[in-house]
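Subject: Structure handover

Hello,

Here is the structure I promised to pass on. My notes on it follow below.

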Amino acid sequence: MDTGPPGEPRKFDPKFRGPIHSRHCTDVICCVIFIVVILGYIALGVVAWVHGDPRKVIYPTDSYGQFCGQKDTLNENKTILFYFNILKCASPVVLINLQCPTTQLCVSKCPDRFATYIDVQASYRYKPDQWNYFRQFCKPGFNNPRKSVAQVLRDEDCPSMIIPSRPFLKRCFPDFSTKNGVLTVANQTTFKDGRGKTRNVTDLREAANGINNVLDARSIGVKIFEDYAISWYWILIGLFIAMMLSLLFLVLLRFTAGVLFWIFIFGVIGIIGYGIWHCYWEYDHLKGIPGSDLTVYDIGFQTDFKVYLQLRQTWLAFMIILCGVEVIIILMLIFLRNRIRIAIALLKEGSRAIGYIMSTLFYPIVTFILIAICISYWAVTAVFLATSGEPVYKVMANQTLCKYANLTCDPETFNTTNVTKLCPGAQCTFAFYGGESLYHKYIFIFQLANAFVFLWLVNFAIALGQCTLAGAFASYYWAYRKPADIPLWPLFSSFGRAIRYHTGSLAFGALILAIVQLIRVILEYLDHKLKGTQNSFTRFLLCCLKCCFWCLEKFLKFINRNAYIMIAIYGKNFCTSARDAFYLLMRNVVRVAVLDKVTDFLLFLGKILVAGGVGVLAFFFFTQKIPVFAQEVPTLNYYWVPLLTVIIGSYLVAHGFFSVYAMCVDTLFLCFCEDLERNDGSTAKPYFMSASLHRILGKKKLSPKKAVG
């Protein structure tokens, strides 16, 4: 098929009878590049797997770079990280993500009492149990209570104090609680810091800032998990009901699409008409009231917007605006009535097509599985890349003036250097994971490549689904006698054609979209990083760029979607198919706009009805307001947990089914436009459209020379 810009004559193949079966491979170069990239992506995953170690994320690391709880090590039974002096830690963010400037050891359990090294050392002879308990929080192997307190604290052989703590995220945090509105630790408001001072528990506030909220969130998380554990069965039943309602709605659209649309349209007209009457009533009611004849300009800007409602001019403006909207809607209905009827007929035809090819409703499961695989591989690769660094050690000094503080060091040779002499008490402790090798220098580039290929693969999976569904529904439309001429297994045949011949074309379209999406991700990253340091011009420029690329992404998704339909029908390459689809849509731009809005409205209405209906049913069930099932309702901490899950899940289930329906309608529409341009309804060139669409055209037989609008 040769197509040119809108308005130019087109030459058609008179033997065309639907999707081309004798095809050839398209966009071969892109296909080869796509396969090479996938192989490279696999290689990247292997390299990341070799160098990475997720234990760096899962397990905390002590000051010696050893994992707490690691098997076959001295820390195997020591799964919790203990901080010698938690007062040196600014916040939980420092404790979890960075390094707190104090010695950290792996312990088997957190302290459960207050104690100081000074007190324990003074009484170790007649209270050995206290010493044995305290020294489990000292450095491994330290057992010299005769060593002076000053030297012990300088060398950080033991902590100066221990306080009652509990493990959270495998780290010991103070066991905070509130008593009569007062912050306490183990019901005490003061403690000894081991350096001769008695301090208030509030001194720990900075180090433990936000911990109570986090612990409360953890408690809520446990309760939510419990609710899921005892209500999952009923949640699945709710999602099954949503699936059945979605199927029922699609079936009923064949008979109710027109009724639903016109009820909505006339409802809108009626509501606007009431608004016009109400504005006129208010306008007339304010007549003669002092001050009501003032203008908006006279009173200026007022923070209390009720003031404007006391002006006749306000209601007159509202009435004029509503009258304008009412006139526009009525004129659109008058002049676009035929196109609206065609759109509704296509919606009904889509329901009929899905009825003949029911397997298409379950294809979204395939797309979901493919996307889930992509997400899983991307996430695992990202974690392994992020944990690919080697342990980096830095000098930790108690003296603030030590010039070697925070410099990198080697723990094996540290004691042979003069750092310990110049900075007494300085230690070479683990800081973070990093590296200076070529691989470590390019980890950020690898993460960027990981994100880019992930976007490419996800868009390819979506493109494959769209092309597959388009081929199946095109087979339905171009069957002259429906359903007798519909080929056997149209969905599987379409899937095979897409994979065998058009992988390159689908990858090409997905590549273009992935590039734009990656640019959007980079812009969001820059906006986040530069927040607070930008001037007005920079913010404006970033905002404009983000808006432009958002619009570009939406446009490309629209073009790609229709290009995949043309690929499924004609088997041409991506660029040719995108051009043909664009020109075809431009020649039918009014029909496109009408069909798009009518389809969006009905499908949105369907999603709301399904999610809302199942949500109401779930609400009455989980709140025990259905007497028949009152005894079956599980006891929940928060009934809204399964309720929100059912509502959101029902919406997603409906979206999955209706996305198939939307693809069906878009495919049938392009086929309908092609049918009008290829054929004229004569015996030699009969229409392939359904009888209902044929009747809407108003002509049983059109001459070849007469245009059809």
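**What was found**

Lys 546 is partly exposed, with a relative accessible area of 23%; partly exposed lies between buried (under 20% relative accessible area) and exposed (over 50%), using a 1.4 Å probe and protein chains only. The model is predicted, so local features need pLDDT of at least 70 and side-chain atom pairs count only at pLDDT 80 or more, while totals for chains, interfaces and linings use all residues. Residues are numbered from 1 along each chain as its sequence is written, and side-chain values use heavy atoms, with hydrogens and water left out.

Lys 546 forms a salt bridge with Glu 524, the closest N and O atoms being 3.7 Å apart (a salt bridge is a side-chain nitrogen of Lys or Arg within 4 Å of a carboxyl oxygen of Asp or Glu). Lys 546 sits in helix H17 and Glu 524 in helix H16, so this pair ties together parts 22 residues apart in sequence. Helices (H or I, at least four residues) and strands (E, at least two) are DSSP runs, numbered from the N terminus. Glu 524 is also partly exposed, at 39% relative accessibility.

Helix H17 holds another pair: Lys 557 and Glu 553, 4 residues apart and so separated by about one helical turn. Their salt bridge has its closest N and O atoms 3.4 Å apart. Lys 557 counts as partly exposed at 37% relative accessibility, whereas Glu 553 counts as buried at 7%. Salt bridges that share partners join Arg 520, Glu 553 and Lys 557 into one network. The count of salt bridges comes to 9.

There is also a nonpolar surface patch of about 710 Å², whose residues include Tyr 442, Phe 444 and Leu 530. Patches are made of residues with over 30% relative accessible area and no salt bridge; like charges are joined within 9 Å, and nonpolar side chains (Val, Leu, Ile, Met, Phe, Trp, Tyr) within 5 Å. Areas come from the Shrake-Rupley method with a 1.4 Å probe; for residues, only the protein chains shown count as cover. Helices H14 (443–477) and H16 (503–529) each supply at least two residues of the patch. Leu 530 is in the loop between H16 and helix H17 (536–570).

Gln 466 is in helix H14 and counts as buried at 16% relative accessibility.

As for the whole, the protein has 21 helices and 13 strands, and 44% of its 709 residues count as buried.

Regards
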